[in-house]
Amino acid sequence: MAKYLVIVESPAKVKTIKKFLGANYEVEASNGHVRDFPKSQFGIDVENDFEPKYITIRGKGELLAKLRKAAKKADKIYLATDPDREGEAISWHLMQALKENPDKMHRITFNEITKTAVKDSLKHARGLNMNLVDAQQARRMLDRMVGYTISPLLWAKVKRGLSAGRVQSVALRIICDREEEINSFIPEEYWSLNGEFLVDGEKKPLEAKFYGTDKKMDIHNKAEMEEILKVLENEEFEISEVKKGERIKNAPLPFTTSTLQQEASKTLNFSTQKTMRLAQQLYEGVDIKGNGTVGVITYLRTDSVRISDEADAAARSYISSQYGEEYVSETAKTVKKGQKIQDAHEAIRPTDISRTPVQIKESLTRDQFRLYQLIWKRFAASRMAPAKYETTSVKVAGGDYTFTVSASKVAFEGFLSVYMQEEDMKKGNVLSQSLSKGMKLKLKELKPEQHFTQPPAHYTEASLVKTMEELGIGRPSTYAPTITTIISRRYVSKEQRNLYVTELGEVVNSIMKQAFPSIVDVNFTATMEGLLDCVENGTVQWKTVVRNFYPDLKHDVDAAQEELEKVDIHDEETDVICDNCGRHMVIKYGPHGRFLACPGFPECRNTKPYYEKIGVACPKCGKEVVLKKTKKGRKYYGCEDNPECDFMSWQKPSDKKCPVCGSYMVEKGNKLVCSQETCGYVEARPKDEKEN
């Protein structure tokens, strides 16, 4: 008869942990949270000092009954939910729901699901950490307040079951702001110049980049370039400097949640959600042939790069035996001071470094293997010596002008023998050993090239996570769900890794900016995250955070409601006639944005795509240019006569032609820019056009 009951969050852990603990222990899973706010009510008693009203989550009644039964029989109950705020809160809710004697209940946590860690956690059972619970309660209440009060307003304004969220609305704003930057970006012309020089006794010419005189020189246009070329044509060239040196590249830090998501996105093309799902499986336990079920990585939600002394020692001894003593790093790296780190956890690492990816490849799915290999290599590299490069830089002088070329080769691989990132894989220049100062060179060819500056890149999931982390928005557990939410709500579309704002996203973002500026304010949201950290550290009361937040939110909601009530939102009638019943069709909002619907619904269910005319003739065929959307919702401008006419532009075209090359012009902020990239003509937009 089991004397002890262990309750974990996920059923996947049950089997792994039961195997470690033996017959005296019963292991059950809570399947995440058992209590939460009711779906149909606000769930927060504002009049009664913001007391939360929790109820059993629908569908969890049977599970709770089963847990209560097991709890009654047990002498001791160990709550083994995840080692973070959310896990602590689940344990607290379980304590409330099980209605058992509190003295019987103990909280245990482990950072990895291995026999040693689980057995050790039982020796260090403790009471609940109410600071952690309160930080989670405060976060949940803030999120509830925003979601529950603002979503109905969006529904009224945009006519869909839309929603707002405390972190998701800021993430959407970040993407919208970047989109605006891109749309108003004016490319600027610049030129580069490469020279090919013949070296005596060498078949391959030496290619060097134009530098300038004694200081770096930018070449802005063709006229400047032609002036330089005229001078250089008659010059004699010689090597004025050959400098040799050494460069060191330090090993990377082990993974945190954020850096793992970024690297898996870049190198494996995994979405943040997929990375977290696979990491969860590796953490909870996989069946390893000969070993049974074992957790192969440590806990996946962390923003710390700390490593336990045992894991550090094991890694150093493994590296020493496999690669040699000189490959072991001398000191452990630490994170820069001043960064906010919740240091309760270690970084993400393999639970046993001697369990190499190749050894367990057969036991993992292809994607599990690829992620485990990434984590293993990164951790091993973090304990290894820096890579050393021999560098050579050469200056070629021609009159007053200088060209430069540099090369580097690996002198000692260090951590690169295990782990390489994109930039390490690029082939560097290989310079001939025969180059020396004073050597005369013969000019073979000068290669001038015109360029234009590029707008900032669209966000990818990886760069959005990086930005959110840098701005202090969200925490390791929220990056993936936030991005998943804004994509699934169709506020943002993902095409070839890039994130684009949809028409729906633009509408929601503009309402949020107008009516709830503080909710979508990056600094405000980061400050709230900081306050939640203070609650966790016990320096701020959780109710204080909630009490200060709610009145301002309520004020904004009331004001927005009043303004909305003044706006009677009618369906906009168009001149498009319904093919079925002859009525004038109206514009409606759907999950993909606007569409045309017959006002005779439900008798007439006719719908059509809605294409907004922008009052510009197609530059190719003269018909109307309309606003369209890709399958995933990204906006573009195309000809209404598609597919007969294939005109399309991501930027809004103008009916003005470029006076220099005759191409059509596009709108970029308050400027008109020639659509022909190599032309570069720009002029101010007429005032009346800007106001339209």
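**Entry 1. Terms and model**

Helices (H or I, at least four residues) and strands (E, at least two) are DSSP runs, numbered from the N terminus. I worked on a predicted model, in which local features need pLDDT of at least 70 and side-chain atom pairs count only at pLDDT 80 or more, while totals for chains, interfaces and linings use all residues. Residues are numbered from 1 along each chain as its sequence is written, and side-chain values use heavy atoms, with hydrogens and water left out.

**Entry 2. Cis peptide bonds and positive phi**

I looked up P602 and found it in the loop between strand 21 (593–597) and strand 22 (607–609). A cis peptide bond with omega of about 10° joins F601 to P602. I then turned to P643, which lies in the loop between strand 25 and strand 26. The bond from N642 to P643 is cis, and its omega is near 10°.

For phi, I recorded N31, a residue other than glycine with a positive value near 55°. N31 belongs to the loop between strand 2 (25–29) and strand 3 (35–36). Its relative accessible area is 40%, so N31 is partly exposed; buried means under 20% relative accessible area, exposed over 50%, and partly exposed in between (1.4 Å probe, protein chains only). D49 is not a glycine, yet its phi is positive, about 50°. I located D49 in the loop between strand 4 (44–45) and strand 5 (51–52). D49 is partly exposed, because its relative accessible area is 33%.

Two packed helices are described by the angle between their axes and the distance between the axes. Axes are lines fitted to C-alpha atoms, for helices over the stretch in contact, and angles run from 0 to 180 degrees between N-to-C directions.

At what angle do helix 6 and helix 15 pack? I read an angle of about 70° between helix 6 (residues 168–183) and helix 15 (residues 479–488), with the axes 9 Å apart. Helix 6 is therefore roughly perpendicular to helix 15 (under 35 degrees counts as roughly parallel, over 145 as roughly antiparallel, 65 to 115 as roughly perpendicular and the rest as oblique). Q168, A171 and I175 of helix 6 make the contact with T482, T485 and I486 of helix 15; contact means heavy atoms within 4.5 Å. These residues divide into 3 nonpolar, 3 polar and no charged. Here Ala, Val, Leu, Ile, Met, Phe, Trp, Tyr, Cys and Pro count as nonpolar, Asp, Glu, Lys and Arg as charged, and the others, Gly among them, as polar.

I next examined helix 16 (residues 503–515), which packs with helix 6 at about 110°, the axes being 10 Å apart. Helix 6 is therefore roughly perpendicular to helix 16. S169, L172, R173, C176, D177 and E180 of helix 6 meet G505, V508, N509, M512 and K513 of helix 16. The residues of this contact divide into 4 nonpolar, 3 polar and 4 charged.

**Entry 3. Aromatic pairs**

How many aromatic pairs does a search of the whole structure find? I noted 19 aromatic pairs. Rings of Phe, Tyr and Trp (its six-membered ring) pair if their centres lie within 6.5 Å; planes under 30 degrees apart count as stacked, over 60 as edge-to-face and the rest as tilted.

F197 and F237 form a tilted pair, 5.0 Å centre to centre, with 55° between the planes. The pair links distant parts of the chain, since F197 is in strand 9 (residues 189–198) and F237 in strand 11 (residues 237–249), 40 residues apart. F197 is buried at a relative accessible area of 0%, and F237 is buried at 2%. The ring centres of Y636 and W650 lie 6.0 Å apart with their planes at 75°, so this pair is edge-to-face. I also recorded one aromatic cluster, formed by F197, F210, F237, Y401 and F403.

**Entry 4. Two single residues**

Is Y637 buried or exposed? Y637 is buried, because its relative accessible area is 11%. Y637 lies in strand 25. Leaving aside neighbours within four places in sequence, its contacts include I614, F647 and W650.

Lastly, I looked up S329, in the loop between helix 10 (309–323) and helix 11 (357–360). S329 counts as buried, because its relative accessibility is 5%. Not counting residues up to four places away in sequence, S329 touches R316, R383, M384 and A385.
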